[in-house]
Amino acid sequence: MNLLTAERLSKSFGMKMLFEQISLGIAEGDKIGLIGVNGTGKSTLLKTIAGAEQPDEGSISIRNGITIEYLPQNPAIDDDATVLGHIFSGRSPLMQALRDYESLMERLERGEDSPELQKQLVELNGRMDALDAWQLEHEAKRILGKLGINDFGALMGTLSGGKRKRVALAGALIRSADLLILDEPTNHIDTETVDWLETMLSKSKSALLMITHDRYFLDRVATRILELDNGKLFGYTGGYSVFLEQKAERMAQQHASEEKRQNLLRRELAWIRRGAKARSTKQKARIERFEKLQQAGPQTNGQEMDMALPSSRLGKKVIELTDVTKRYGERDIVRAFSYIVQPGDRIGIVGPNGAGKSTLLKLIAGKLTPDAGSIDTGLTVKIGLFSQENEELDESARVLEYIRDAAENVRTTDGELISASQMLERFLFPPSAQWSKVADLSGGEKRRLFLLRILMGAPNVLLLDEPTNDLDIQTLTVLEDYLEHFPGSVLIVSHDRYFLDRTVDALLVAEGGGVFSQHEGNFSEYRERTKQAESTADNKAGKPAQAAPEPPSDNRPKEKPLRFSFKEQKEYEEIDQRIAEAEQSLAGLAEELAAAHDDYEKLMKLTARHREQELSLDELLERWTYLNDLAEQIERQKKG
């Protein structure tokens with residue numbers, strides 16, 4: 001039985017239809033990832049399901065007694081609340097008791113004391129005992145610590161944007177809910193914390209609906225994928241890798257349907273061109289059929305992002321850092337760091353939050369001046385800095401004006417000279433959106449626009465600070481392909497493990513205290529080496545090694561002659577026919593899937609059946625291999 005059921009939801013924003021007549025259900029234990037291009041309405045759909053916005057049409061029903069916890073991209077936060085005060089927000093007696101206890105303890109720690117306060121403390125201790133609240137307080141502090149928040153009494157207004165988001169995430173995780181709705185939960189957290197969050201959400205009994213661009217995270221946590229595409233919702237059973245397989249199948253089926261439609265169109269068009277007299281009922285029906293076929297095009301936006309932008313020529317000398325040091329107060333953020341960036345380098349910069357990764361990038365970009373040491377930049381170097389904060393994004397400007405400020409025209413990698421407006425279209429900003437204010441764009445659209453502005457300058461050294469934050473998976477895939485063919489040098493600060501694996505071949509790892517260590521290979525290779533080193537260190541520290549297996553005995557009984565059992569013999573005789581029937585059944589399901597691409601509920605059921613049938617066929621093929629191998633061994637034994 002579903003925790004929540006949404007039926008025939010529609011929502012528009014101005015003249016733009018975000019989603020139309022979509023339906024979905026969320027059952028106990030579901031872990032659902034929602035994906036789609038930025039600006040398609042993913043966050044709006046989450047807000048609608050969470051009750052933060054009302055749909056234009058449709059209904060949402062929630063099972064009695066179900067609690068929902070929703071974390072938006074930009075959560076509302078009381079600047080005057082403490083970290084724990086925010087964590088324990090809520091109207092339940094448990095949350096109220098925790099807030100009262102933390103508030104009273106803060107007063108006592110400030111030196112306030114009186115018989116009245118002591119009396120309140122005794123009463124609160126009793127309430128905490130009765131509500132079993134001590135464990136929850138301990139759990140809240142543990143989760144905050146995992147998210148890098150250790151000052152529990154700090155005021156929310158004094159925290160950075162990233163820390164505020166992490167506190168809000170901790171609050172969503174600690175407040176017990178049947179359904180967690182999370183919008184980009186992996187933004188602003190480092191790779192170690194993403195690993196921890198992955199494990200926590202996978203083990204959680206709460207159902208989960210989330211938007212995330214982190215493809216490893218989706219693959220390891222999600223049991224279902226929902227794709228919002230051109231106002232329609234498509235469902236897939238499994239994680240991200242299964243989604244890729246099933247979407248490829250859906251696109252192939254859609255292509256086959258479109259090819260069939262085009263053939264019918266050609267035949268109908270030939271009939272129309274022969275000058276048929278459109279007077280009889282039969283002839284009118286054929287003309288109407290032709291018009292319907294013309295209008296029945298595939299339900300996709302047909303758009304793919306195109307980053308075919310050139311870079312400037314880069315000489316042999318790029319950037320040389322010599323004993324670079326940067327301090328904030330008494331703290332070394334970067335300490336005596338030396339490094340030579342070579343032409344064509346692909347370098348990832350990783351480490352805990354606050355360890356100096358972004359500071360190092362800003363030093364290289366010339367946005368900060370080192371306190372000691374030197375940074376020598378080659379004469380041909382043209383740096384493009386894609387910062388976390390969209391610092392140079394003028395939100396009061398129109399989209400087209402903002403890009404025209406960079407260049408009126410740009411020459412693409414294939415030599416074509418195109419206008420700023422045409423380049424915006426290649427970055428999925430149609431003409432209708434180009435006169436919108438930048439402030440009216442979604443978070444992901446702003447990041448995409450900022451990226452275009454950077455690339456319009458034809459840089460030959462790209463410095464990317466958390467480029468995956470708020471970008472959709474389609475944009476990330478195109479960006480990864482662009483970086484693969486980019487002739488210049490690239491330095492990337494990122495917590496996105498998949499993105500790092502796709503784009504870098506060396507790492508600078510922030511170790512703390514301003515120290516950066518150098519490692520060859522991508523992120524997964526570095527993590528594997530780290531785990532192996534930790535395992536070796538554990539063994540040297542005295543952990544008992546596994547006992548070696550005993551050698552086989554010389555007194556083993558002689559092997560019995562191989563033969564089929566009665567069941568195996570029957571199975572061997574029938575398995576070819578069973579495989580043929582399974583393949584025929586799969587082909588029939590594929591045709592049904594192609595015909596049902598507009599019916600979400602039917603598509604979900606058919607997709608599940610198709611997957612089950614595939615698994616069944618895989619098992620049959622494995623069994624066929626085993627039985628045929630056994631038959632060959634029996635035959636060889638007879639001949640021997």
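Me: Why is H485 called exposed?
Reply: The relative accessible area of H485 is 56%. A residue counts as exposed over 50%, and H485, with 56%, is therefore called exposed. Please note that the model is predicted, and the value for H485 is computed from it.

Me: What makes E466 count as buried?
Reply: The cut-off for a buried residue is a relative accessible area under 20%. E466 has a relative accessibility of 7%, so E466 counts as buried.

Me: Why does D323 count as partly exposed, rather than buried or exposed?
Reply: Partly exposed is the class in between: buried residues stand under 20% and exposed residues over 50%. D323 has 43% relative accessibility, so it falls in that class. D323 is placed in strand 10 (residues 319–328). Its phi is near 50°, a positive value in a residue other than glycine.

Me: How do you know whether E445 is buried or exposed?
Reply: E445 has a relative accessibility of 13%. Buried means under 20%, so E445 counts as buried. The residue is found in helix 14 (residues 443–456). Leaving aside residues up to four places away in sequence, E445 touches K16, N38, G39 and F429.

Me: How much of the chain is made up of buried residues?
Reply: Of the 640 residues in the chain, 46% are buried. The chain exposes about 33,500 Å², and carbon and sulfur atoms supply 48% of that area. The chain has 19 helices and 20 strands. Among contacts with a separation of 6 or more, 69% join residues 24 or more positions apart.

Me: What makes strand 14 and strand 20 edge strands?
Reply: They belong to an open sheet of six strands, in the order 14-17-18-12-19-20, with mixed pairing. Strand 14 (383–386) and strand 20 (515–520) each have a single partner strand, so one side of each is left without a neighbour in the sheet. From one strand to the next, the twist averages 15°.

Me: In which sense do strand 12 and strand 19 pair, and over how many bridges?
Reply: Strand 12 (residues 346–350) and strand 19 (residues 506–512) pair in the parallel sense, over four bridges.

Me: Which strands does helix 15 touch?
Reply: Helix 15 packs on the sheet and touches strand 12, strand 17 and strand 18, and its direction makes about 150° with that of strand 17. Helix 11 (residues 357–365) lies across strand 12, strand 14, strand 17, strand 18 (489–493), strand 19 and strand 20, and runs at about 155° to strand 17.

Me: How do helix 5 and helix 6 cross, and at what angle?
Reply: The axes of helix 5 (residues 134–146) and helix 6 (residues 161–174) come within 10 Å and cross at roughly 145°. The crossing is right-handed. L136, E139, A140, I143 and L144 in helix 5 meet V167, A170, L173 and I174 in helix 6. The residues of this contact divide into eight nonpolar, no polar and one charged. Glu counts as charged, so E139 is the charged one.

How values were computed:
Residues are numbered from 1 along each chain as its sequence is written. This is a predicted model: local features need pLDDT of at least 70, side-chain atom pairs count only at pLDDT 80 or more; totals for chains, interfaces and linings use all residues. Side-chain values use heavy atoms; hydrogens and water are left out. Helices (H or I, at least four residues) and strands (E, at least two) are DSSP runs, numbered from the N terminus. Buried means under 20% relative accessible area, exposed over 50%, partly exposed in between (1.4 Å probe, protein chains only). Contact means heavy atoms within 4.5 Å. Accessible areas come from the Shrake-Rupley method with a 1.4 Å probe; for residues, only the protein chains shown count as cover. Axes are lines fitted to C-alpha atoms, for helices over the stretch in contact, and angles run from 0 to 180 degrees between N-to-C directions. A crossing is left-handed if the near helix is turned anticlockwise from the far one by less than a right angle, and right-handed if clockwise. Two strands pair if DSSP finds at least two bridges between them.
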